Amino acid sequence: MSKMRKEYDPNKVKWRKRKPIVYIICEGKETETLYFKHFRSRNCLVDIIPIPSKHKAAEHLVKHAKSLISQADYYPKDGDQLWCVFDCDDNKDSELQAAISYSEEHGYKIAYSNPAFEYWYLLHFEKRNGYLKDSAMVIDILKNKGYLENYGKSVDVFEELLEHQPEAIQYAKERVERLTRDQVAVICRDSNPVTTVYELVEFLNSKRT
């Protein structure tokens, strides 16, 4: 688990403006961590916290996030945000809905991918709206089409993706808009494929300027 910061006490520190912290709670120890670490900068404090596999279920992840954040310097009133990043996996719609409700109740944000985080990567290279069975299928497309030939869970591909990020954001938004028009919930099993990771990416980008 990422080391929690304990350097800030709002009752003692009045004269120094504190930079907001973006906490990212994710189920992946490698893929998501390798990707989001690149958004750290002088103006954007990002703390990436991978969680144990036993909390992989969406509802467990957001509830575990609360216990993790209780150990950290988390001050929403000062601009801090907490994002829960997770995939559809084997979650039932009822479990996904419970995760949404819990997150909304506590002011957390969700970056959801169906079927997998790698779908966000795929959108950097093509607009794909057809059903994708699982992460293995997405990875096969990335590798076999030559988009990310050497891709692996422990491979840092951020620089290869960066120049195509605007297209990925656009394609992801268009997919969400299409689901909304079709009255399909974005965070559900039937939304395959979809990703709202672009919302977190846009937010992080806005903090780097």
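Hi everyone, let's start on helix α7, where the buried residues are Q165, A168, I169, A172, R175, V176 and L179. Seen down the axis of α7, these residues fall within an arc of 130°, so they line one face of the helix. That arc is taken from the directions that run from the helix axis to the C-beta atoms.

A few ground rules before I go on. This is a predicted model, in which local features need pLDDT of at least 70 and side-chain atom pairs count only at pLDDT 80 or more, while totals for chains, interfaces and linings use all residues. Residues are numbered from 1 along each chain as its sequence is written, and side-chain values use heavy atoms, with hydrogens and water left out.

When I say buried, I mean under 20% relative accessible area; exposed is over 50%, and partly exposed is in between, with a 1.4 Å probe and protein chains only. Helices (H or I, at least four residues) and strands (E, at least two) are DSSP runs, numbered from the N terminus.

Back to α7, then. This helix covers residues 165–181, which makes 17 residues, and reaches 24 Å from its first C-alpha to its last, close to the 24 Å expected at 1.5 Å a residue. The expected span is 1.5 Å times one less than the number of residues. What lies over its buried residues? The cover includes α1, α4 (118–122), α6 (158–162), β5 (194–195) and α8 (197–208). On the face turned away from the buried side, α7 carries the exposed residues P166 and R181.

Q183 has a positive phi of about 60° although it is not a glycine, and at 76% relative accessibility it counts as exposed. Most residues other than glycine have a negative phi, and most peptide bonds are trans. P193 sits in the loop between α7 and β5 as well, and the peptide bond from N192 to P193 is cis, with omega near -5°.

Now over to α1, residues 31–36, where we find T31. Is T31 buried or exposed? T31 is buried, with a relative accessible area of 7%. Leaving aside residues up to four places away in sequence, T31 touches F117, E118, Y121, Y151 and K153, where contact means heavy atoms within 4.5 Å.

Next, α3. Its 14 residues should span 20 Å at 1.5 Å a residue, and its end C-alpha atoms are 20 Å apart, which agrees. The buried residues of α3 are L96, A99, I100, Y102 and S103, and their cover includes α2 (58–69), β3 and β4. Just after α3, G107 takes a positive phi of about 75°.

Last stop: the largest pocket, with a volume of about 440 Å³. Of the 24 residues that line this pocket, the closest to its centre are D87, D89, P115, A116 and S135. A pocket here is an open set of points on a 1 Å grid over the protein atoms alone, where a 1.4 Å probe fits, with protein on both sides within 12 Å along at least five of seven lines; lining residues have an atom within 4 Å of a point.

Two of those central residues deserve a look. D89 lies in the loop between β3 (81–87) and α3 (93–106), has a positive phi near 50° and, at 27% relative accessibility, counts as partly exposed. P115 is in the loop between β4 (109–114) and α4, and a cis peptide bond joins N114 and P115, with omega about 15°.

Technical notes:
Points joined across faces, edges and corners; volume = space filled by probe spheres on them.
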